[in-house]
Amino acid sequence: MPDQQPNKPNGVPDDANTELSSAFAQTPTLGAMEVEGMLEKEDLTHAPEVSTEAVGLADREVPRSLWQDAWRELRRNPIFIISGILIIFLIIVAIFPGLFDSTSPLQCDLSKSQQGPTSGHPFGFDTQGCDVYARTIYGARASITVGVFATLGTALLGTLLGGLAGFFGGWLDAVVSRIADIFFGIPILLGGLVFLSVIPSRSIWIVVAFIVVLGWPQLARIARGAVITARQQDYVTAARALGAGNARLMLRHILPNSLAPIIVVATIALGTYISLEATLSYLGVGLKPPTVSWGIDISAAADTFRNAPHMLLFPAGALCITILAFIMLGDAVRDALDPKLR
Amino acid sequence: MAEPTAPEVAIEAVMDKQVERGEPILQVRNLEKHFPLTQGILIKKQIGAVKAVDGVSFDLYQGETLGIVGESGCGKSTLAKVLMNLETATSGEVLYKGEDISKVSGRALKAIRRNIQMVFQDPYTSLNPRMTVGDIIGEPYEIHPEVAPKSDRRKAVQDLLDVVGLNPEYINRYPHQFSGGQRQRIGIARGLALKPEIIICDEPVSALDVSVQAQVINLLEKLQDEFNLSYMFIAHDLSIVRHISDRVGVMYLGKMVEIGSDEEIYEHPTHPYTQALLSAVPVPDPEGREGRERIILAGDIPSPANPPSGCRFRTRCFKAQEKCAIEEPLLAIPQVFSGQDTPAAHESACHFAEDVDIVGATNGEA
């Protein structure tokens with residue numbers, strides 16, 4: 001093979017185009033100019049189809065990772081900024097409700113029962129004569145805690161179990177999938193009535209734990225499917241051929257490529273969990289007064305919707321904004337993690 | 001591929017001669033890969049096996065290219081996977097410099113992976129869409145940190161991009177921003193990163209446009225010269241295999257049916273299957289085309305779970321006789337040619353081997 005070298009005409013430069021030139025260079029009838037022209041036409045070092053956005057030299061020189069790129073992308077995405085501001089605001093409300101309201105949600109005056117909005121009480125009063133604005137502000141803590149932590153819990157547990165089942169397959173997959181089937185088989189409301197009614201203290205964390213225990217199979221199934229799809233891709237085989245261990249395969253290759261459906265399902269589930277908490281409270285097995293939550297207020301207001309719609313609209317509106325903010329955040333993160341959408 | 005020019009043919013002739021038969025770098029002995037067929041849900045009972053690779057032996061020498069051809073489903077890709085230790089061999093040996101690598105695992109396997117790398121068929125699925133090109137080509141260094149110290153890695157990655165003919169400034173681009181040919185170059189750069197001695201190319205150009213195929217093939221040849229690589233080149237396309245290979249092996253239904261230098265296989269095929277394959281090669285010259293005979297095989301490739309007795313090719317062979325169903329022909333120099341100094345005297349697994357010049361009418365090149 002090295003003998004091939006002397007056969008090359010001297011005029012052809014030995015640079016990155018050499019392998020192209022070998023297709024033509026052996027033809028002695030072609031002049032150097034013509035060879036150069038052909039090389040230019042087929043030169044791959046300057047790809048025309050790649051977008052020619054102006055990138056600085058520093059940008060091209062410093063290597064970046066997917067997560068750095070995703071963060072750069074997110075910072076420029078208005079949807080991410082809007083949802084981020086909303087979520088930060090909601091978290092501040094949940095942690096420091098006193099900053100936004102001077103009255104107490106538990107200071108009620110029955111004589112004002114179901115009165116509409118008035119000056120100083122912009123959201124009106126509920127059946128007990130409590131200030132709806134104060135209850136909406138103070139209810140944020142319970143609702144957001146349940147929603148966020150139940151979603152985090154189900155997503156982490158579901159992704160972990162479903163992901164491991166999908167990655168390793170075999171008996172682990174069989175065991176995890178059957179356990180998930182068992183939990184799937186329990187109707188969530190019946191499960192709530194059975195399990196939560198035997199627990200005397202029903203703090204927020206008990207409700208969160210209950211939702212996580214019954215909610216993880218949904219995420220586990222999504223994660224398992226996504227991981228199985230990603231596991232069969234050639235790039236995973238390629239990494240394995242390089243000698244990559246299971247941890248690297250899972251974290252670098254499979255996880256980033258199976259996150260998208262998990263993020264979508266988890267953000268939609270967040271709203272479901274907040275309303276599930278409301279339903280459980282309505283059935284008397286969720287949070288109990290004096291805990292204030294949007295769920296409790298929404299279920300209480302549903303009965304008197306025709307007489308006093310403001311009692312329903314304000315907590316329900318707060319719930320909608322919260323869910324919307326998280327879904328928008330999930331959408332923005334999912335898009336930022338997909339380089340094809342940039 | 002383009003019609004060969006006179007110098008190109010001359011070069012091929014030179015290349016053929018200078019293949020040195022020193023110590024083989026890779027020796028494959030009776031390699032078998034059977035995929036079990038099971039029945040039952042709880043208690044799995046094996047009811048048979050798909051014999052994807054069933055007793056394959058060959059040698060790969062330093063700096064040479066061994067082409068492997070055969071139709072779909074004959075076990076070419078499984079052979080590549082077994083050699084890469086991506087599938088464990090059912091039996092047989094893969095000797096890398098005399099050491100059996102088919103049964104190693106853990107750290108020893110990781111060390112061997114540095115020396116044997118792979119280029120994949122489909123450049124659209126073999127690159128992680130969520131990794132930058134710099135990460136993809138740099139990953140081998142993260143897995144084998146001893147190859148390049150951390151401070152040199154970016155430089156090493158950019159050098160590799162340069163070697164395969166891509167702009168070194170592309171490290172922060174993602175695979176979808178490249179064309180098929182460029183992606184395959186990225187895949188080749190990744191395979192080269194660890195400075196392997198052997199690269200197994202599993203149909204590296206069959207997913208590419210014909211115009212791009214030539215560029216990638218030329219790149220592979222250039223890299224072979226530069227780094228003294230040994231290639232095992234698996235492909236469907238007989239003319240590409242002839243162009244790049246020093247020796248060619250023909251596979252049928254999990255077995256090697258004929259193996260020899262490219263001239264021996266292409267000019268003097270002795271196995272009827274090789275002859276049939278070669279007669280299917282399109283000939284760009286109408287005059288040459290008229291003079292030749294097409295061998296059309298009847299039927300489909302039999303199931304590898306239940307291969308025919310005796311010679312596996314007998315069900316579709318135009319020469320099959322009773323002997324073929326009883327006695328399995330071994331891969332050896334056929335008796336009719338043994339002791340003779342003809343190019344037809346190369347290993348061929350046929351009882352009725354016969355030297356037929358199939359592509360001779362086309363001046364030896366497709």
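Colleague: How do I read the way helix α11 and helix α13 of chain A cross, and at roughly how many degrees do they do so?

Modeller: Helices (H or I, at least four residues) and strands (E, at least two) are DSSP runs numbered from the N terminus, and axes are lines fitted to C-alpha atoms, for helices over the stretch in contact, with angles running from 0 to 180 degrees between N-to-C directions. This is a predicted model, in which local features need pLDDT of at least 70 and side-chain atom pairs count only at pLDDT 80 or more, while totals for chains, interfaces and linings use all residues. Residues are numbered from 1 along each chain as its sequence is written, and chains are lettered from A and ligands numbered from 1 in the order in which they are written. Here the axes of α11 (residues 246–282) and α13 (residues 309–336) of chain A come within 9 Å and cross at roughly 175 degrees. Angles under 35 degrees count as roughly parallel, over 145 as roughly antiparallel, 65 to 115 as roughly perpendicular and the rest as oblique, so α11(A) and α13(A) are roughly antiparallel to each other.

Colleague: Which residues of α11(A) and α13(A) make the contact?

Modeller: Two residues are in contact if their C-beta atoms, placed from the backbone, lie within 7 Å. Among them are Ala260(A), Ile263(A) and Gly271(A) of α11(A), and Leu319(A), Phe326(A) and Arg334(A) of α13(A).

Colleague: How should I read a sheet, and in what order do the seven strands of chain B stand?

Modeller: Strands of a sheet pair through backbone hydrogen bonds, either parallel or antiparallel, and two strands count as paired if DSSP finds at least two bridges between them. In chain B, seven strands form an open sheet in the order β6-β7-β8-β3-β9-β10-β11, with mixed pairing. Strands β6 (116–119) and β11 (347–348) of chain B stand at the edges, each with a single partner strand, so one side of each has no neighbour in the sheet. Four bridges join β6(B) to β7 (residues 198–202) of chain B, and these two run parallel, with Gln117(B) opposite Ile199(B) in β7(B).
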